[in-house]
Structure formats: structure tokens, C-alpha cells
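Please look at the sequence and the model first.

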Amino acid sequence: QNGRSALAPQIATYFVVQIPALVLVSRQKFTLRDVRGPLGLLAVFCIWLTATTLWATNGQHSAVESVSLMTTFVCGVYFAKRFSLFEKLTVVVVAMQPGLLLSRYAVANNWDRAVSIDGNWVGIYFNRNSLAPVAMVSLLVAAALMWLVFLRRDQRWSKIALFVLFDVALFAAVMLYRTSSNTSIGAGISFVVVWVFWTLIRYLHRTQRLQPGALHRAVYPAFVTGAAVLTWAGVQFQNTILGIFGETVDFNGRTALWRFSWTGFLERPIFGWGWLSAWRTPKFFTRDLWWTLNNMQWSHSGYMDVLLGGGFIGAALLVVAIVWGGSRHVDHAVTTPAGQWAPAIMFFVLAAATQESFFIGNHFLWLLLVAAIAGSLREKSPRALQ
């Protein structure tokens with residue numbers, strides 16, 4: 001009940017915080033080229049989920065959530081349009097610090113529920129899987145910035161910047177460790193694997209060991225296929241993987257949640273129940289009394305959210321936008337310093353979304369995914385680090 005009563009002010013806060021970005025978006029000069037292709041398809045995805053409000057089983061909730069999703073999508077487009085790669089990374093690492101610092105302060109001062117009953121740090125987020133993505137993204141962005149600063153080590157401020165960024169990364173690593181969140185660790189591993197893969201491809205491309213056209217003809221299809229297979233294997237063998245950390249999927253309830261979500265999707269496979277509507281619909285729960293008694297509200301999977309909320313149509317739009325968007329970054333990933341960032345952060349979000357509902361308007365990971373798919377919409381300038 002407390003979670004539900006807090007939902008309205010939380011959503012209102014997200015809207016208020018994003019109003020400046022919306023105002024700034026209205027002042028940007030967009031062309032058809034900016035919003036066509038995968039970004040345009042992602043916009044259609046958001047529009048489709050907004051349209052599901054018309055037949056949603058809980059239209060009021062779907063309306064608020066779909067508007068929030070579209071609002072953050074627009075902010076993600078602004079983020080891609082306004083900043084260069086170096087500026088994006090700088091903005092992100094700075095944005096992560098207030099939440100981390102305040103969470104550390106909350107733990108140090110014994111704020112109520114800042115530490116869970118099992119000793120995991122949750123800070124101001126009330127959930128370790130909400131604090132951990134902030135810490136992991138801060139760590140990854142700080143590392144990427146250290147690499148870019150290292151490339152420009154001739155600058156007078158390089159040593160100071162490296163020292164500051166190292167401290168930021170170390171602080172984030174400590175916060176991440178104290179959350180004991182396997183979700184963010186797994187997503188972070190996905191980020192590193194993707195970064196290393198495209199780093200190797202960069203080397204092959206630079207040494208001219210790849211045939212002309214091989215990047216789009218062979219490398220990217222192989223990358224997508226490998227990523228899909230590894231994702232499937234990761235989901236199928238989660239219990240074995242989590243057993244290393246002393247936890248199981250069955251113990252934390254995700255297997256049951258996903259099965260229940262899947263059966264719900266099969267009941268309305270084409271159009272869905274309406275965006276984020278199913279888990280707040282009595283009819284959805286009456287298929288099994290146990291769920292009603294336990295008052296569950298989440299599927300704990302962004303993909304199940306999309307299948308339930310937008311049906312096959314919504315899922316197809318999202319998948320095509322992601323795959324298409326990734327293909328647009330192939331050349332950038334092998335030619336631009338830290339160009340591996342876009343595909344790596346995309347797969348960080350995609351990996352994290354297998355365990356949590358991160359395809360939602362009130363989460364910064366959705367904004368990062370949109371910005372990654374959009375790529376660099378900013379016109380080249382002498383100040384931009386390309």
C-alpha cells in the first residue's frame with residue numbers, strides 16, 4: 001500500500017525534473033534525418049504503447065506510464081542531439097553522483113531502510129537493484145572517461161582529471177559491492193564483453209585485416225547472433241550462474257513471475273493488456289489465487305513488460321529498433337575514440353532488463369538506451385571530441 005501511495009508523487013517528480021529538458025528540446029532544430037530510421041521506429045514504439053491506453057485493462061495507469069515513457073524518450077533524443085560523446089559521458093558521471101553520495105550519507109546516518117534486513121545497502125532507493133545500476137553506470141562511465149582522458153594526456157589537466165575519475169570509479173565500486181546486486185554485475189559483464197569485442201574489431205579494422213564491407217556484411221550479424229545466443233544461455237542457465245553467488249532464480253521468485261507473465265501474454269498476444277496495465281488488473285491475477293494473495297505488481301523483466309503491455313506488435317517494434325540502431329553504430333564503433341560506448345551501454349541496459357523492469361519512463365536506463373540508439377545527433381564542432 002505504501003508503494004502505491006508513493007507512486008503518484010514519484011511520477012509527478014519525474015515529470016517536473018524533465019520539464020527543463022522538454023523546454024530545451026523545443027528549441028532544438030531537428031531535421032527529418034534526425035528522427036528517421038531506428039530512432040523514428042523507437043518513437044513509433046512509444047506511440048504504440050500510448051495507443052494501448054485505448055484498450056488497456058487499467059487505462060488510467062497506462063496513460064500515466066506511457067506519457068512518462070514518451071517524455072523520457074524525448075529527453076533521450078535531446079541528450080543525443082545536444083552533447084558530443086565526451087560531453088555525454090561527463091554529464092552522466094556527474095548525474096550519478098548525487099544519488100550515490102546521498103545514499104552513502106543515508107547509510108552512514110542510519111536512515112530508515114537505507115540498509116535492508118539482510119545487510120545490503122539500498123540508500124535512498126529502497127531497493128538494492130535500484131541503487132546498483134547507478135553505481136555500475138558511474139563506474140563504467142568513469143572508466144570510459146579515464147580512457148578518453150588518457151588519449152589526451154598531453155593536456156595540462158589530464159593528471160588531475162585521471163585522479164578525480166579514479167576516485168569516482170573507486171567510490172562507485174564500493175557502493176556497488178555493498179549492494180550485493182547480481183543484476184548489475186551481470187549487466188556490467190555484458191558491457192565489458194561488448195566493449196572488448198568491438199575493441200578487437202577496431203584493431204582488425206585499423207590493421208586492414210577485414211575485407212571491405214565485412215563490418216556490416218559479417219561482423220555485425222555475427223555479433224547480433226552471438227549476443228542473442230549468449231542472452232538465451234544466460235537466462236536458461238541462471239540458476240547455475242547465480243549458484244556461484246549463493247542465490248537462485250527460484251529463490252528470488254523470478255522464474256514464477258516470468259512464467260505467470262508469459263501465460264498472460266499468451267492470453268492477449270497481439271495487442272497486449274495495455275502498457276504496464278496487466279499487473280494492476282484484478283482479472284490478470286484471478287488466473288491464480290496465489291498471486292492475488294501475494295499482491296505482486298511487477299514481472300521483473302522489461303521484456304515481459306513489453307510483451308504484456310504492447311503484445312507482439314510492441315515487442316517487434318522494440319527489437320527491430322534495437323537491432324537497426326546497433327547497425328548504425330558499427331562504423332562509429334571502430335573509428336571514434338571510445339566509440340564502443342554506444343553498443344556497450346545498449347547491451348548493459350538490455351542485459352539488466354532481463355531481470356528488472358527498466359523499460360519504463362521513470363528510469364534513467366531508458367534514457368540511456370534511447371540516446372544510444374539515437375547515436376550522435378549533434379553536428380560536428382571543433383569542441384566536440386570525435
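## Phe348 and its surroundings

Leaving out residues up to four places away in sequence, Phe348 touches Met136, Val137, Leu140, Ser184, Ala187, Gly188, Phe191 and Leu365, where contact means heavy atoms within 4.5 Å. This is a predicted model, in which local features need pLDDT of at least 70 and side-chain atom pairs count only at pLDDT 80 or more, while totals for chains, interfaces and linings use all residues. Residues are numbered from 1 along each chain as its sequence is written, and side-chain values use heavy atoms, with hydrogens and water left out.

Phe348 is also among the residues with the most contacts inside the largest nonpolar core, together with Phe45, Trp198 and Trp366. That core has 106 residues. A nonpolar core is a set of buried Ala, Val, Leu, Ile, Met, Phe, Trp, Tyr and Cys residues joined through side-chain atoms within 4.5 Å; buried means under 20% relative accessible area, exposed over 50% and partly exposed in between, with a 1.4 Å probe and protein chains only. Helix 6 (residues 128–151) gives the largest share of the core, 14 residues.

## Helix 8 against helix 17

Helices here are DSSP runs (H or I, at least four residues), numbered from the N terminus. The axes of helix 8 (residues 182–206) and helix 17 (residues 341–352) cross at roughly 150 degrees and come within 8 Å. Helix 8 is therefore roughly antiparallel to helix 17, a term for angles over 145 degrees. The axes are lines fitted to C-alpha atoms over the stretch in contact, and angles run from 0 to 180 degrees between N-to-C directions.

On the helix 8 side, the contact includes Ser184, Ala187, Gly188, Phe191 and Trp198. Helix 17 contributes residues including Trp341, Pro343, Phe347 and Phe348. By class, this contact has 13 nonpolar, four polar and no charged residues; Ala, Val, Leu, Ile, Met, Phe, Trp, Tyr, Cys and Pro count as nonpolar, Asp, Glu, Lys and Arg as charged, and the others, Gly among them, as polar.

## Residues in two loops

Ser301 is in the loop between helix 14 (289–294) and helix 15 (302–327). Ser301 is buried, at 5% relative accessible area. Apart from neighbours within four places in sequence, Ser301 contacts Trp258, Ala353, Thr354, Gln355, Glu356 and Ser357.

His300 is found in the loop between helix 14 and helix 15. His300 is partly exposed, at 22% relative accessibility, and has a phi near 55 degrees, a positive value in a residue other than glycine. Ser180, in the loop between helix 7 (158–179) and helix 8, has a positive phi near 55 degrees and is partly exposed at 33%.

Technical notes. Angles under 35 degrees count as roughly parallel, over 145 as roughly antiparallel, 65 to 115 as roughly perpendicular and the rest as oblique.
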